[in-house]
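User: I am new to this structure. Could we go through it in questions and answers?

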Amino acid sequence: HREIQTLSLVKNIFLLPFIGFTNSPPYCIVTKFIPNGSLYDSLHEVTKPTSPRSNSPSIPPISKGDSKRNSKAMPKSKRRSKNKNIKEDDDDSINQESNSSNYAPHKLSPTQKTFIAYGIAVGMQILHEKGIIHRDLKTQNILIDEHNCPIISDFGSSRYANGNAPKTSSFGTSNYMAPEFIQGDEYDLPVDVYSYGMILWEMLTEEVPFLGKESAQVIYMVVIQQSRPPIPENTPNNLKKLIEKCWSPDQFERPTFEKIVSFFTSRKVEFPGTDQDELNHLFQNYRSKNNSPIKRRHSDVSP
């Protein structure tokens with residue numbers, strides 16, 4: 001019921017379109033089919049991370065033509081027949097046309113990464129303006145459509161920030177969970193901002209946060225040691241500062257998604273190698289399709 005309510009309340013090109021549901025068995029939720037799997041697939045199917053690094057990761061090298069490339073299909077042997085829009089651990093979510101096609105994850109260009117990071121921030125801004133906390137924001141729950149547009153999905157863990165029900169900490173994945181959420185302390189909208197910081201790091205390094213660590217180890221590192229994944233030394237300063245602010249142990253120091261959106265629209269934050277002309281085209285294209293204006297009240301857009 002919570003997921004249906006959230007899906008029916010929010011509408012934005014960066015949020016999973018809701019089609020309908022059944023009110024009698026078998027209970028199903030039907031959403032638009034998103035063809036290209038998840039952001040996690042696009043980041044890791046090609047690079048195949050296998051073990052945690054003992055030193056600081058490096059920014060993936062930019063190959064010639066990356067900034068102009070739209071997509072690159074993988075060999076047939078790498079293609080998956082399973083639709084990632086259907087949650088593997090949840091039988092009550094059905095994605096329309098789930099058996100109609102396969103998808104081939106591909107490596108994302110820096111420009112595509114910048115636009116995807118922007119789109120996630122816009123979608124989360126819409127959610128937070130409705131007072132909704134996602135509580136399970138991670139790359140596995142960001143779908144990628146045929147235009148490499150990010151679509152935020154999986155609202156089964158979402159809840160209202162000002163609701164009367166107790167805020168439990170039994171949802172989410174420890175690799176992306178804010179310390180106050182892990183400890184069961186009072187938490188609010190900034191728990192999603194922390195998760196977004198982890199997503200930015202994952203997109204930058206193309207590695208999984210705390211890869212190879214057990215959940216208990218991650219919790220100890222995040223809460224007790226206040227440890228975070230190492231940011232590559234050659235990361236652009238504004239992007240580095242934004243990531244660090246997003247995963248600050250003090251939730252009140254984390255920026256709002258409204259402010260994060262302004263960092264991208266003002267070009268203060270982007271992934272290294274971003275093509276400005278291509279990014280401008282993406283911004284113009286998707287703004288024309290989005291009737292929901294994004295508020296901008298911040299004159300200081302420095303991260």
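Analyst: Helices (H or I, at least four residues) and strands (E, at least two) are DSSP runs, numbered from the N terminus. The model is a predicted one. By that numbering, the protein chain has nine helices and seven strands.

User: In which loop is the place of Pro26?

Analyst: Pro26 is joined to Pro25 by a cis peptide bond, with omega about -5°. Strand 1 covers 18-21 and strand 2 covers 29-31. Pro26 is placed in the loop between strand 1 and strand 2.

User: What percentage of the residues of the protein chain count as buried?

Analyst: Buried means under 20% relative accessible area. The protein chain exposes about 14,500 Å², and carbon and sulfur atoms supply 48% of that area. Of its 303 residues, the share that counts as buried is 52%.

User: Among contacts between residues at least 6 apart in sequence, what percentage join residues at least 24 apart?

Analyst: A contact here means heavy atoms within 4.5 Å. Among contacts in the protein chain between residues at least 6 apart in sequence, the share joining residues at least 24 apart is 74%.

User: What is the volume of the second largest cavity?

Analyst: Rolling a probe the size of a water molecule over the atoms shows where empty space is left. The structure holds two cavities of 30 Å³ or more. For the second largest cavity, the volume is about 70 Å³.

User: Which helix gives the most to the lining of the second largest cavity?

Analyst: Twelve residues line the second largest cavity, and those nearest its centre are Arg135, Tyr176, Met177, Phe181 and Ser195. By type, the lining divides into six nonpolar, three polar and three charged residues. With three residues, the helix that gives the most to this lining is helix 5 (residues 190-205).

User: Is Arg135 buried or exposed?

Analyst: Arg135 lies in the loop between strand 4 (132-133) and strand 5 (142-144). Its phi is near 75°, a positive value in a residue other than glycine. The relative accessible area of Arg135 is 5%, which is why Arg135 counts as buried.

User: How far from a polar atom of the side chain of Thr205 does the backbone nitrogen of Glu207 lie?

Analyst: Thr205 is found in helix 5. Thr205 counts as buried because its relative accessibility is 5%. From a polar atom of the side chain of Thr205 to the backbone nitrogen of Glu207, the distance is 3.3 Å.

User: Against which helices do the buried residues of helix 6 pack?

Analyst: Helix 6 (residues 215-224) has Val218, Met221, Val222 and Val223 as its buried residues. These buried residues pack against helix 4 (179-183) and helix 5.

User: What is the phi of Gln226?

Analyst: Gln226 follows helix 6. Its loop lies between helix 6 and helix 7 (237-246). Gln226 is a residue other than glycine with a positive phi, near 50°.

User: How far apart in space are Asp275 and Thr114, C-alpha to C-alpha?

Analyst: Asp275 sits in the loop between helix 8 (257-265) and helix 9 (276-289). Asp275 counts as buried because its relative accessible area is 14%. A polar atom of the Asp275 side chain lies 2.8 Å from the backbone nitrogen of Glu278. Asp275 and Thr114 are 161 residues apart in sequence, while their C-alpha to C-alpha distance in space is 9.6 Å.

Key:
Residues numbered from 1 in each chain as written. Predicted model: local features only at pLDDT ≥ 70, side-chain atom pairs only at ≥ 80, totals over all residues. Heavy atoms only, no water. 1 Å grid on protein atoms, 1.4 Å probe; cavity = no way out; pocket = protein on both sides within 12 Å on 5 of 7 lines; lining within 4 Å. Points joined across faces, edges and corners; volume = space filled by probe spheres on them. Nonpolar A, V, L, I, M, F, W, Y, C, P; charged D, E, K, R; others polar. Buried < 20%, exposed > 50% of the residue type's maximum accessible area, 1.4 Å probe, protein only. Areas by Shrake-Rupley, 256 points an atom, 1.4 Å probe, with all protein chains shown as cover. Polar contact = N/O pair within 3.5 Å; in protein donor to acceptor, adjacent residues only side chain to side chain.
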